[in-house]
Structure formats: C-alpha cells, structure tokens
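Me: I have a structure open and want to learn how to read it. Can you take me through it feature by feature?

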Amino acid sequence: MVMEYAWLIPVPLFIVFGINILLNKRLKNRTSGYLATGAVAFSFILSTLIFISSLLTGSKFHGSVTWFQLGEHVIKAGYLIDPVSSLMLLVVSLVSFLVFIYSLEFMEDDRSKPRFFGELALFSGSMTGLVLADNFLLMFIFWELVGLCSYLLIGFWMEKSEAASGSKKAFLITRIGDILMLSGIMLMFTQIGSFGFEETFNSFGQLSGDLQTITLLLLFGGAVGKSAQLPLQVWIPDAMVGPTPVSALIHAATMVKAGVYLLARISPLLSSSPLVTSIIAYFGILTALFGAYSALTQKDIKEILAYSTISHIGFMVFAIGVMGYSASLFHLFNHSAFKALLFLAAGVVITETGKHDITKMGNFWKRGKLVPIATLIGCLSLAGIPPLGGWFSKEMILTATMQGGNYILVSLFILASFLSPIYIFRWYSLIFSTNRRKKVGDKSSGYLMVLPIVALATIAGLAGLFNSSFNEWMPWSLHHGSHAILAIGSTLVVLTGFTLAILIYHLKLIDINRIKENTLFEILHKFSFNALYIDDSYTKLGFKAFSFSILASKFDDKYVDGVINAFGAFGRKVSSKSKSFDDIGIDGVVNGVADSIKFSSSLARKIQTGLVRDYSLWILIGTITILIILKISGG
Amino acid sequence: MIAFHFLITSIGLVLIGLYGVITLRHPIKILMSIELILNAANINLVAFSTENLIGQGFASLVIAISAAEVCVGLAIVYNLYRLKKDIDVMEVNALKW
C-alpha cells in the first residue's frame, strides 16, 4: 500500500530547507535549485501514486502515533488519506513542482537562490503537511508554518521597502484569522477532549447548538484570514511584491487554498448548522463580487490576478456554504491550474518587458505563440467558457446553489460570474492584443519557463473531462438536478461578458473613454480601482487609533509620570539626608574607633623589633623596675 | 667583708654579661656573655657555701648544665648559618609581630 508512506511527502522538502538554509552561501546557486526541485519531484511522484491508488480503490488510510500526553488526554499525531486530502496533495505537489522548475530559470540571476529555494521547499512541505494532518493541532502547526513561509517569501526582496511592509501586512492580517482558528480549536478541545478529526466528527453533535455555532464560526474565521475573504482580503494585493513564482504558489497551491481545505475538512460538522453555512455562503459570494468588481479597473498585471483570486476563492467558500463540497474542490482544482498558469505567464511578460502596468503593454502575441495560446486557455477556463474546466465547476456550484433554493444567492453568483470574463479578457487583450502597437522587449524566456506554462495549460484544458467522475469519487457527490435552463442562461451571461470584453478591449468597437465620461460610471470606476476603499479605511482607522494612543501617551507622560516622579523626588531627598547622617554620624563612629586603634597600635608595634637582644633589654628594664618598686613599697 | 668582694665581683660579671647580650651582634660572643652571667651566679654559690658543700655541688651542676646549654646554643647558631648564610643577630627578627 503506497498510502502508508504518505508521511514521506513533506520530509525531503524539510530536509532540503535545512540544507539550503544551513549551507546557504556555501552551496552553489544551481545546486540549491536542483536539490529543491528533486525533493518536490519526489513529493509529486509519491502524491500522484497516492492519488491514483485513492482514485482506483476509493479507500481511506489513517496512520498515527502517540504524540504526547496531557493529563488523561492522549494526543496523537498522524496522517489521514482520503479523496479530499489525496486530491489536495496532488494539486499542491503538482503546482509546486511546476513552479519550482519555472523558478530555476526565473531566479537564475538572484544572489540568494539557496534562501529562495529553501523557503520555497519549506512552503510546499508545510502545505503538504497541513493537508496530511489528521488532527486540528497538527494542522494548525503547519497552518502557521505556511503563514511564516508566505511572510518570508513575500518579503524575499527585503531591501525593497514595499516588500518588507507587504510581507508584514500579510503576516499580521492572516494572524487575526489564525487567532480565531486557534480559539476555535481550543474551544473544541475543552468540550471534546481530542484534536483528531474523526473523534471530533463523532462527538461534535453532543455539544449544545450555540457552542457548535461559535466553534464553527471561529474555525471559519481562520479560513477567512488565510483565504483572504472579506473583510481580511487586504493583504493579497500587497503580497504581489514578492517574486512571481511565489505569487503563483500562494494563489494556486500553498496559502489561500488552505482555508478552503479547512472548510472542506470540517464539512461533516457544517451540515448540521444551517446558520453557519448561510453565513459562509454570504461571505463567499460578497467576496467573489468584491474581487471581481475590483479586478475590473486595476492596472498592475499581478494585482488583477490577485483580485481575481479573491473572487475565485470567494466562489469556493460560497460553494462550501451552499453544501456543494465537491463543486468547491473541483473549482479549487481548476483554479489551481489556471491561476498558476496565469501567474507564470505574467512572470514571463514581466521578465520580457520589465513592466508591471498593463495599460503600457500590448502586442505580446508577436513573441512566439506558445505562451499566448496557453494563457488564452487559462483565461477561457477562468472566465467559465464551455467546455473548459472552469465552466464545469461553475455549473456544479450553480447546481448546488439551486438545490439550496435561495434565489438571491443564485443571482449574485451569476452577476459575479458575469464579471469574470470581462476583467480577465481586459487583462489578456491589453497584454497580448496585436491591435495595440506597443514595443515589446527583446529578452526572451527559455524552455524552463515555458514548459510549466504549457503543462498547466494542458491540465486546465483537459480538467473538464473529469467532472462527472470527480463528482462520484468525492465523499459527498452532488445529485445532478435538471436545471438546464439555468445552466444555459448562466452560460449565455458569461458569453455576453466575454463578447463585451472582446468588443471593448480587443476590437475597440466600444470606446471605453466615452463610457467613463458618465458620472455614475466614473464613481463606479473609482470605487473599483480603490477596492471599495477598504484598505484605505483600515489605514485611516489605524491612524485614528494611533493618534488616540499619542494622546494617551501624553497624558501618561504628564500626569501619571508626574505623580510618580514627585514621589520619587521626595524619596530621593529623604534618602539623601539619611545618607549624609549615615556618612558622618554612624560611619564616623565606626571609622573613629578603627582609626584610634590603628594609631595606638602603630605606637605599640615599634617596641616589637623581632630581635632577641631588644626583648632581653626590656626584660632587664622590667625586672629592675619591679625590684625598685618592691624595694620602695616593701621597705 | 669577704662576702662584699665576692658580691662586687659577681655584680661586675653580671653587668658585663648583660651588656654583652644586649649589645653584641655575634652569636658566639653572646653565648660567651651568657657564660659570664652564669659564672657570676656560680661565684655567689661557692662564696656563700661556708656551712656545708651544697652550694659547691650546686655550682658544679650549673657548670654541667651550662655546657649542655652552650651545645644547644651552638646548634642554633649552626642552623642559623645554614638557613641565612649569615649569623648577624640583627638579621634574625622573625619574632616580630
């Protein structure tokens, strides 16, 4: 059974991390990259074998050892292989593998390559560990490691100040979610006495309804932080300052998917609480709308993709909320493929043109056809154009929503999926369209950067074929309803968006500047470009808090410290008086006694010469004196 | 009257001996001065033993003991020399505080 060896998946990655960090500069730049790629290739092969065996047999495997004992609770650590985790393992290790290969060339000239590949290996290793974990505590440890790695890698070019502040922001904001998740886990532990998934699922029903709701909301809070859902999404656009392969990893495999994975893991608990699932659904769909709306007007090539990720993770969370768990995971799989592909393509564009602003790009189609065609496949899948994977997963989510029967959610979902093709084809046209006569750079990318893109395009293109078998393989398969009209309708909506984007940005039949003159659209444009001012208002709020703390510190300085200082000064005066009394009075007496003894002894010691003759003289004198005294007194 | 002369002689010897012990720097000379003091006592012992011979016997005892005492003294001087390569008593002040 290959599943028994699943625990080996993260091990080589951690070892490579250790080697790269410890040897660091002593390692040749090339060697470090090959080591990391070799380790991730091993993880990828093992994950594929596990995935295949899980796909064929549909069996589960759970191995664990005793970790430590806490009073009467024995805490176990182990790994759990079921369809969900084996799929995640495949996604994580596949995307990591391709990103590592891509990085070999992308980071070619970077001086700190060993550090980069070491941290990248730790990143992938922690994520596979998170996926493998069979209990909440172990999962949380890896969860934190993933957060740490994202901090390290976003701030990889730490000499740039925006990289340093972006990584800090990502770390601190995801921390809010982590604290919520930790309190959820601890709350659950106090009630159930175990961290294990299976034990928790078995005895969760015994808790009171309110406690269940609170626990689930806290765990969802963790997912909100990690997966960049409203209102904690502000770190994602700032995280774009990291190297492009890192962005690809964060968005496609290792970071933001962790939240969705957590929700999929606790899905057996969610089905018992309709309140929590509807909260999750609304959070998800609002995030999806927000992300898509903000992506419409951004100018940075990577920030559009970042907002698109927010939007698509929103779809996944929404799908969890409407109990379409397999739909959510299928969308996760598709998103991993096309988002990694788009980020890697963006990396190629950035290295070749040296620019980030897409309004200054264009004509990139001229530079070899492989990358543009691959990117086109990714964009079509993201937009949800049939018959690509993205279309199937969106239809699955829609079906799940219809089963819930909430038409507000259905219409919001269709609205969000209407926006996807518009922003992504704006992105695509501005970069690649030959109608824009822009100069392109003359640097070109080697095969190490192009091959992963082509591989991802193949996966994104073919993913749709597996949608029904995927659905059956997952533990909670969806019953395909007959919502043919709705399916056709939503597809038409998506196609309308697609056509609109082509008309505006590629063929330029509709003049975008004319639309902008309309005041309503101008306001909408402003709100979209500034991402609803959420980030700015956080900053303002932060400054308010800051100025209040300045006021508090002034009060502290003036009044609180004043009283304390007055007490201190009084004490100093009293003690200085008592010190002078001590110096003159008490010390004077002690020293006087000692001095007088010293003086008298200095006189007395002069008699003692150490010479026998002197002593005998003194004896003689003494004897004579005694005799004289006796003579006088005795008569 | 005879006793008076003996007493004068012995006082003279004692004073000479004391003077020698206190002032001389050579240990052998100091030993000789001590002999003088002892012999002054011997003179008195012999001079006043008119009734019987106890005083004379006592004097010969003192002579024997003083011989032994000189032996010890010389041994001390010899060891002093071995220790310090010098026998000046002004250098021997180890009794000092």
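Me: In what order do the elements of chain B run?
Reply: Helices (H or I, at least four residues) and strands (E, at least two) are DSSP runs, numbered from the N terminus. From the N terminus on, chain B reads α-α-α. That is three helices and zero strands. The radius of gyration, taken over C-alpha atoms, is compared with a globule rule of 2.2 Å times the number of residues to the power 0.38. Chain B has 16 Å, well over the 13 Å that the rule gives for 97 residues, so chain B is more spread out than a compact globule. Its C-alpha trace spans about 50 × 25 × 25 Å along the principal axes.

Me: What should I know about the model and its numbering?
Reply: It is a predicted model, where local features need pLDDT of at least 70, side-chain atom pairs count only at pLDDT 80 or more, and totals for chains, interfaces and linings use all residues. Residues are numbered from 1 along each chain as its sequence is written, while chains are lettered from A and ligands numbered from 1 in the order in which they are written. pLDDT is the predictor's confidence in each residue, from 0 to 100. Chain B averages 88, and 97% of the residues score at least 70. The model has ipTM 0.81 and pTM 0.73.

Me: How many helices and strands are in chain A?
Reply: Chain A has 25 helices and two strands. Its radius of gyration is 37 Å, well over the 26 Å that the globule rule gives for 635 residues, so chain A is also more spread out than a compact globule. The C-alpha trace spans about 155 × 60 × 55 Å along its principal axes.

Me: How many residues of chain B are in contact with chain A?
Reply: Contact means that C-beta atoms, placed from the backbone, lie within 7 Å. Ten residues of chain B touch ten residues of chain A. For classes, Ala, Val, Leu, Ile, Met, Phe, Trp, Tyr, Cys and Pro count as nonpolar, Asp, Glu, Lys and Arg as charged, and the others, Gly among them, as polar. The chain B side has eight nonpolar residues, one polar and one charged.

Me: How do I read a pair of packed helices?
Reply: Two packed helices are described by the angle between their axes and the distance between the axes. Axes are lines fitted to C-alpha atoms, for helices over the stretch in contact, and angles run from 0 to 180 degrees between N-to-C directions. Under 35 degrees counts as roughly parallel, over 145 as roughly antiparallel, 65 to 115 as roughly perpendicular and the rest as oblique. Take α3 (residues 83-106) and α10 (residues 244-254) of chain A: their axes come within 10 Å and cross at roughly 175°. The two are therefore roughly antiparallel. Their contact has eleven nonpolar, four polar and no charged residues.

Me: At what angle do α10(A) and α15(A) pack?
Reply: The angle is about 170°, with the axes 8 Å apart; α15(A) covers residues 325-353. That makes α10(A) roughly antiparallel to α15(A). This contact has nine nonpolar, five polar and one charged residues. Among the residues that meet are H251(A) in α10(A) and K339(A) in α15(A).

Me: Which residues does a cis peptide bond join?
Reply: L230(A) and P231(A), with omega about 0°. P231(A) sits in the loop between α8 (209-226) and α9 (235-238) of chain A. A228(A) is in the loop between α8 and α9 of chain A. Its phi is near 55°, a positive value in a residue other than glycine.

Definitions and conventions:
Two residues are in contact if their C-beta atoms, placed from the backbone, lie within 7 Å.
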